[in-house]
Structures are given as C-alpha cells and as structure tokens.
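Please keep the sequence and the structure in view while reading.

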Amino acid sequence: HADIAMYQAKASGRDNAQWFETRMVEDTNDRIALSAALRQALGRGEVSVVYQPQVDLESGEVVGFEALARWTSPEHGSVAPDLFIPVAEDGGMIIQLGEWVLRTACADVAALSAAVGRPLRLAVNVSPRQLRGKQWLDSVTAALRDSGLDPASLEVEITEGLLIADVGDAVAILSAVRELGVSVVVDDFGQGYSSLAYLTRFPIDKIKIDRSFVEEITDDGDRAAIVDAIIVMAHALGMKVLAEGVETAEQESYLTARGCDEVQGFRYGRGMPKDQVLTALPRIAPCPSPSHVTTSPTW
Ligand code: C2E
Ligand code: MG
Ligand code: MG
Ligand code: MG
C-alpha cells in the first residue's frame, strides 16, 4: 500500500523522491520511459561520477576511491543507481554507461593522484553484461592509456552472481584484464549466494564484505562470526578484505581488531564530486590506532 510504503521509506531515511522512483519503475511504461531518458542522459551531461573514499586500516590513509555513477534527470530528478543501473542492464545501455564511467573516473583519479603527489587507487563497478565480449577489455586498455593511470591503481568490482552464472567467458576476460596489472574485486560478498567454490576458480584479489554484515557486526554475534570467517578465509586464500558500509567507530574498532585490511562507508565519507575530493582528504581518517598515532598524515 502506497501510504505504508511512504511511511517505511521515511522511516528508513529515504526521501520522497526515492520512494516515488521505487514505485515508478514497477510500472512497465515508466521503466520504458526511464530507459529512453537514460539513453539520452549521457549525451546531455546528466550523468556524473562521485568518488567514495577507501581507507587502509593499518596506515590510516585514504588509499583510493570507488567510482559511483549519479544521474540527475530534468524529468525524474535524482535517480538512485539501484534503479537506473538495473534499467541500464536490461536495455543494454550499461555498455556505454559503464565505458563512460570508466573513462571519466580513470581521468579524474589520474588527475587527483598527480595533485596529491601519490598514487590513488580507483575501483570501478562492472556489470555482468559488460564482460560478455572483448569490447570491455579494449575499453579498459584505452581508458588506462588515455588517462595515464597506472594499471596497478585500477580495480574492477564484480558481483558474485557473475561468477556463478557465466563461468567460461568471465574467467578468460578477468584473467586477461589481470594480466594488464588490474585487480579483480568481489563486491557485496555474502549477499545472496552461498557457494564458496568459485573463489578458488576465479582470479580474485580482494573481497568486499557486504554492508548488511557490517551493519550488525556489533550487535549480532552470528553476523560477526561470519565477518570473522570471511576475513580469515580471504587471507588464507591470499586475498585482501574491505568492509563496506562502515558507519560507526565501534564497527571500525571491531574490524581493526579482526585484521580487516580496508574500510569504506559514511564514517569516512560519501561519494563526492571530484572537485570536493582534495578539500575533503585531510579530514578523512579512522581512529588512530597505536601503530600510526605518531605518524602525520601524508596527504
Ligand atoms: P556498490 O558497488 O556496492 O556501492 C556501494 C553502495 O553503498 C553505494 O550506493 C554507496 O553510496 C553505498 N554506501 C557506501 N557506504 C555506505 C554506508 O556507510 N552506509 C550506507 N547505508 N550505504 C553506503 P550507490 O551509490 O547508491 O550505488 C548502489 C549500487 O549501484 C552500487 O553498489 C553498484 O552496484 C551500482 N553502481 C553504481 N555505480 C555504478 C556503475 O558505474 N556501474 C555499475 N555497473 N554499477 C554501478
Ligand atoms: Mg561496488
Ligand atoms: Mg558493494
Ligand atoms: Mg551494491
């Protein structure tokens, strides 16, 4: 029921615009309209990229950023990625959109690295559909070449679903991109799928623990146990671990104590436009742990 949906949306901190959009895309006609609008959005400059900081827990440094797509439509207002990304995936627009985000973000992070005088990493989300052909690999090569970004600074985030569904092609393409020096990261780990076998079949460098586990880390013993196990398992497999959705000091301390490598979340910053990154950098830092309390930030 609409009233209840709005009440729940408000209660969960979402604004009316998001409530409206969530209902809107359930209607097929609106989905088609949204898809058509998105098709024109790139050319009209309605799509942008924001950068969410990723922090190394040992050094306390911002080591990189995840690029997140944003779409502000004149008709639909600010459209949430959880709505327009699936629409883009269904309609095939994700190929162009993904390529544009990749090129833009590589150029932006190359410029930011030069500005701060040290290499910053860039994590880019990749949809399963982008990994079907050779086109994506070519676009990665081109984006790296044109931006001058070090391939070692680029990470591609894939989801578990891809690893389970489309085994053959994905392995070859991910292995090829890894040969360029790019890292492969599993996003939203723990959400939806339970097979762990694929972790050994795929070339994976890092696991991002899904936000839903981090959310309850300090008040749900079972969830915390899973987080502990993921960290131990990832390290045993030679992978790094990043915890997503870190919002509180308690969550951070827990993750630090368990040896989690990196964190990302509102505690350190939301996605921000490139122009805001340099001024925000000095303010972003986890609670200093004894190991780095005496060192001054290097940014
Ligand atoms: P994701 O890749 O898992 O990105 C993390 C999402 O969690 C982002 O939402 C981010 O704003 C949100 N988040 C980060 N820290 C916190 C926190 O502390 N608390 C809470 N409550 N949320 C946090 P966003 O930007 O709405 O993106 C949603 C999803 O859309 C992304 O999930 C990703 O799957 C997809 N997406 C975004 N940009 C792109 C893109 O360029 N290409 C593709 N293929 N997918 C994208
Ligand atoms: Mg991601
Ligand atoms: Mg994620
Ligand atoms: Mg997600």
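## The chain as a whole

Helices (H or I, at least four residues) and strands (E, at least two) are DSSP runs, numbered from the N terminus. Counted in this way, the chain, which belongs to a predicted model, has 13 helices and 10 strands. Buried residues, meaning those under 20% relative accessible area, where exposed is over 50% and partly exposed lies in between (1.4 Å probe, protein chains only), make up 47% of the 299 residues in the chain. If a contact is taken as heavy atoms within 4.5 Å, then among the contacts with a separation of 6 or more, 66% are between residues 24 or more positions apart.

## Confidence in the model

The predictor gives each residue a confidence from 0 to 100, called pLDDT, which averages 86 over the chain, with 84% of the residues scoring at least 70. It stays under 50 over residues 1-20 and again over residues 290-299. For the model, ipTM is 0.97 and pTM is 0.88.

As this is a predicted model, local features need pLDDT of at least 70 and side-chain atom pairs count only at pLDDT 80 or more, while totals for chains, interfaces and linings use all residues. Residues are numbered from 1 along each chain as its sequence is written, chains are lettered from A and ligands numbered from 1 in the order in which they are written, and side-chain values use heavy atoms, with hydrogens and water left out.

Donors are N, O and S atoms within 2.8 Å of the metal (3.2 Å for Na, K and Ca), and sites may look incomplete because water is not among the atoms. Asparagine 125 in strand S4 (residues 121-125) and aspartate 187 in strand S6 (residues 183-189) are 62 residues apart, so that the pair links distant parts of the chain.

Asparagine 125 is partly exposed because its relative accessibility is 31%, whereas aspartate 187 counts as buried because its relative accessible area is 6%. Aspartate 187 also bridges the magnesium ion (ligand 2) and the magnesium ion (ligand 3), which lie 3.9 Å apart.

## Around ligand 1

An oxygen atom of ligand 1 lies 2.9 Å from an N or O atom in the side chain of asparagine 125, and a nitrogen atom of ligand 1 is 3.0 Å from a polar backbone atom of alanine 69. Strand S2 gives the most to the shell around ligand 1, with 4 residues.

Definitions and conventions
Polar contact = N/O pair within 3.5 Å; in protein donor to acceptor, adjacent residues only side chain to side chain.
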